[in-house]
Amino acid sequence: MKSLFVMKKAIVSLVALLFSVISLGAFANDAVWFGNKNATRILHINSTMDLASFEPILNAFVSLYPNVRLAYRDVSTQDLYFLVMEEQKEPVASLAISSAMDLHLKLVNDGYAQTYQSEATTLLPDNFKWRDQLFAFSLEPVVMLVNKQAFPGVLPEDRQSLLQTIRQHGKEMTRRIGTYDIRQSGVGYLLASQDARQADATWGRLLEAFGNHDIQTYCCTHEIIDDIASGKLAVGYNLLGSYASQRAQEDDRLKMILPKDYTLMLMRTAFIPNNAPNVRDAGLFLDFLLSDTTTNK
């Protein structure tokens with residue numbers, strides 16, 4: 001992860017921003033339970049993975065390990081960052097999973113994770129792990145998603161063509177572009193910071209167009225995609241590819257686009273907190289996640 005995680009300035013700026021907007025009710029989500037109620041062991045997981053997408057993996061795990069019952073708490077990337085620190089006082093979760101890889105890296109570097117080694121982690125490529133404490137189990141593109149029926153003009157193939165459509169069809173595009181709210185979404189801030197580095201002048205012009213056409217901002221991917229599918233939005237910008245691809249396969253009105261100028265790539269990462277109550281089963285679940293990564297490296 002040496003090259004992918006050189007983001008110190010973005011991390012410092014993001015943490016300052018997050019502290020300015022955190023609310024006392026940030027950690028109110030209830031856990032969803034999986035597995036046998038009579039299981040002898042319980043594993044709590046705090047994660048930013050959308051439950052609807054991650055549920056098959058959770059069900060597969062409890063089928064393979066019937067003695068383990070899972071409590072899965074789905075939170076935002078921002079909330080998860082603070083939740084890991086909050087649970088230092090009263091540990092609950094034994095595994096933390098996030099798409100905001102910069103925030104997860106900071107937590108590891110700040111001493112909130114413990115070392116874990118297994119056959120699965122040993123087989124991981126070096127750029128998929130950090131200090132034997134942080135482990136990546138997926139690598140996915142960051143994409144645009146359009147509603148073909150709602151989008152005016154030719155579908156965009158890159159940021160410049162999206163900008164041209166916004167300028168040419170200003171009325172039709174006003175309030176119909178969606179992306180993450182960087183005040184709520186850690187991964188949204190990360191992606192915006194990387195756009196600022198990659199796109200140079202294009203990103204500035206695109207930001208101006210977004211602002212002039214009242215871009216709609218969201219905390220979570222599924223909310224953006226729902227509004228694209230309904231036609232409320234014509235396009236979603238900087239969405240996680242796994243979610244966009246899944247919905248595009250299910251709905252012919254939707255098309256996922258990998259921008260041709262450049263496509264950002266994002267890792268989903270996991271670590272075991274340094275005070276995890278159930279390290280044994282956290283390791284089992286981590287190895288289960290990594291099994292496809294190591295066999296398909």
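Reader: Is D132 buried, partly exposed or exposed in this model?
Author: Keep in mind that this is a predicted model. D132 sits in the loop between strand 5 (129–130) and strand 6 (134–147). Buried would need under 20% relative accessible area and exposed over 50%. With a relative accessible area of 22%, D132 is therefore partly exposed.

Reader: What is phi of D132 near?
Author: Most residues other than glycine have a negative phi. D132 isn't a glycine, yet its phi is positive, near 55°.

Reader: And N238, where does that one lie, and what is its phi near?
Author: N238 lies in strand 9 (residues 235–240). Its relative accessibility is 5%, so N238 counts as buried. Here too the phi is positive in a residue other than glycine, near 60°.

Reader: Does T221 count as buried or exposed, and which residues does T221 touch?
Author: T221 is in helix 10 (residues 221–230). Buried means under 20% relative accessible area, and T221 has 7% relative accessibility, so it counts as buried. Leaving out residues up to four places away in sequence, T221 touches Y180, L240 and Y243.

Reader: How do helix 3 and helix 4 pack, roughly parallel or roughly perpendicular?
Author: Helix 3 (residues 77–86) and helix 4 (residues 101–109) have their axes 10 Å apart, at an angle of about 10°. Angles under 35 degrees count as roughly parallel. The two helices, helix 3 and helix 4, are therefore roughly parallel to each other.

Reader: Which residues make that contact, and how do they divide?
Author: Helix 3 brings T77, L80, Y81, V84 and M85. From helix 4 come L103, H104, K106 and L107. Sorted by type, the residues of this contact of helix 3 with helix 4 are six nonpolar, two polar and one charged.

Reader: How many cavities of 30 Å³ or more are there, and what volume does the largest have?
Author: Rolling a probe the size of a water molecule over the atoms shows where empty space is left. Searching the whole structure turns up one cavity of 30 Å³ or more. The largest cavity has a volume of about 50 Å³.

Reader: Stepping back, what share of the protein's residues is buried?
Author: The protein has 12 helices and 11 strands. Of its 297 residues, the buried ones make up 54%.

Technical notes. Residues are numbered from 1 along each chain as its sequence is written. This is a predicted model: local features need pLDDT of at least 70, side-chain atom pairs count only at pLDDT 80 or more; totals for chains, interfaces and linings use all residues. Side-chain values use heavy atoms; hydrogens and water are left out. On a 1 Å grid over the protein atoms alone, a cavity is a set of points where a 1.4 Å probe fits but cannot get out, and a pocket is an open set with protein on both sides within 12 Å along at least five of seven lines; lining residues have an atom within 4 Å of a point. Grid points are joined across faces, edges and corners, and a volume is the space filled by probe spheres set on the points. Axes are lines fitted to C-alpha atoms, for helices over the stretch in contact, and angles run from 0 to 180 degrees between N-to-C directions. Helices (H or I, at least four residues) and strands (E, at least two) are DSSP runs, numbered from the N terminus. Angles under 35 degrees count as roughly parallel, over 145 as roughly antiparallel, 65 to 115 as roughly perpendicular and the rest as oblique. Contact means heavy atoms within 4.5 Å. Ala, Val, Leu, Ile, Met, Phe, Trp, Tyr, Cys and Pro count as nonpolar, Asp, Glu, Lys and Arg as charged, and the others, Gly among them, as polar. Buried means under 20% relative accessible area, exposed over 50%, partly exposed in between (1.4 Å probe, protein chains only).
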